Amino acid sequence: MSLCEIVRLEGYIQSTYLAVYPDKILLLDGGCHPDVAMVLNYIAVNLQRPVTDLKVVMVTHMHPDHAGGAHKFREQTGCLVVSADKQHQWYSGFGGRAMHLVDINLAHYVAKRQGRSSKNLYYPAHLKPDVKVKDGDVVPEFDEWQVLETPGHTDRDLSLFHVPSRQVYTADLIIKLRHKFVAPFPIYDPKVYIESLQRIKRLNPSNVMMAHGGELAIDEATFDSLIIQAPKHPRTIKDTIKHKLLWRRNADLSMFKRNRKK
């Protein structure tokens, strides 16, 4: 029988989950930069445990609300930072650095929409994990937790499956806003994204823990609906700009043709 208690905390703009054991704690994602103090305070005050009981912080992907606190957690607790085994940094090169700043600004926008006070969300663009994991690996020091590669939102998204309870943390794979499920933004590879949804469906999880939307038992019909409604084309800032420019060009061309006929 598992001695794990999964606790959901309300982070700055996302839900943050702790897997609490009698002698160790796992943080299922790195959260935003401001979440570090909140999580450590919860461990010290609510759990009355030393913060050094936090042994591992996972980073499911590199967006500000999933990787923003990782390095700071390691500085303050000595924990391991664990993430996907990828050769290249997500925010690599000049374009990557620009996208890093864009994503931080998008996180500020989400916070404003949620009525949050403005806080510092800056974090390093390049992650330096202590351990890199691949599909099917177990989380270091937490053998009950299996790593699943579920890309599509980015190229390195991870989900975490708690085998004894069949609960799964899917990060941004599935998002629920109020009473509606939506696909995340961006989606870099729609085909792979759909395959990731299908994989989680096949797990038949008892509970799905989402970074945005809390936790919910999602039935087969809802998974089917998510798969059917999933975007069929990439949805990125670059593609959105390209689409708008193309639309503008076609609109200008149509106006030009109409003017010529007059």
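**Terms and their grounds**

Biologist: Why is Leu106 called partly exposed?

Modeller: In this predicted model, Leu106 has a relative accessibility of 35%. Buried means under 20% and exposed means over 50%, so Leu106 counts as partly exposed. Leu106 belongs to helix α4, residues 93–113.

Biologist: What makes the nonpolar surface patch of about 220 Å²?

Modeller: Val102, Leu106 and Phe185 make that patch. A patch residue needs over 30% relative accessible area; Leu106, at 35%, therefore passes that cut-off.

Biologist: How do you know that β1 and β2 pair, and in which direction do they run?

Modeller: Two strands pair if at least two bridges are found between them. Six bridges join β1 to β2, residues 15–20, so the two strands count as paired. They run antiparallel. Val7, for example, has Leu18 in β2 as its bridge partner, and a hairpin of four residues joins β1 to β2.

Biologist: What makes β5 and β6 a pair?

Modeller: Three bridges join β5, residues 80–84, to β6, and at least two are needed, so they pair. These strands run parallel, with Ser83 opposite Lys132 in β6.

Biologist: Why are β1 and β6 called edge strands?

Modeller: The six strands form an open sheet of mixed pairing, in the order β1-β2-β3-β4-β5-β6. β1 (5–10) and β6 (131–133) each pair on one side only. On average, neighbouring strands of the sheet are turned by 25° against each other, direction ignored. Helix α3, residues 70–77, packs on this sheet and touches β3, β4 and β5.

Terms used: Residues numbered from 1 in each chain as written. Predicted model: local features only at pLDDT ≥ 70, side-chain atom pairs only at ≥ 80, totals over all residues. Heavy atoms only, no water. Axes fitted to C-alpha atoms, helices over the stretch in contact; angles between N-to-C directions. Contact = heavy atoms within 4.5 Å. Patch = residues over 30% accessible without salt bridge, like charges linked within 9 Å, V, L, I, M, F, W, Y side chains within 5 Å. Areas by Shrake-Rupley, 256 points an atom, 1.4 Å probe, with all protein chains shown as cover. Salt bridge = Lys/Arg side-chain N within 4 Å of Asp/Glu carboxyl O. Buried < 20%, exposed > 50% of the residue type's maximum accessible area, 1.4 Å probe, protein only.
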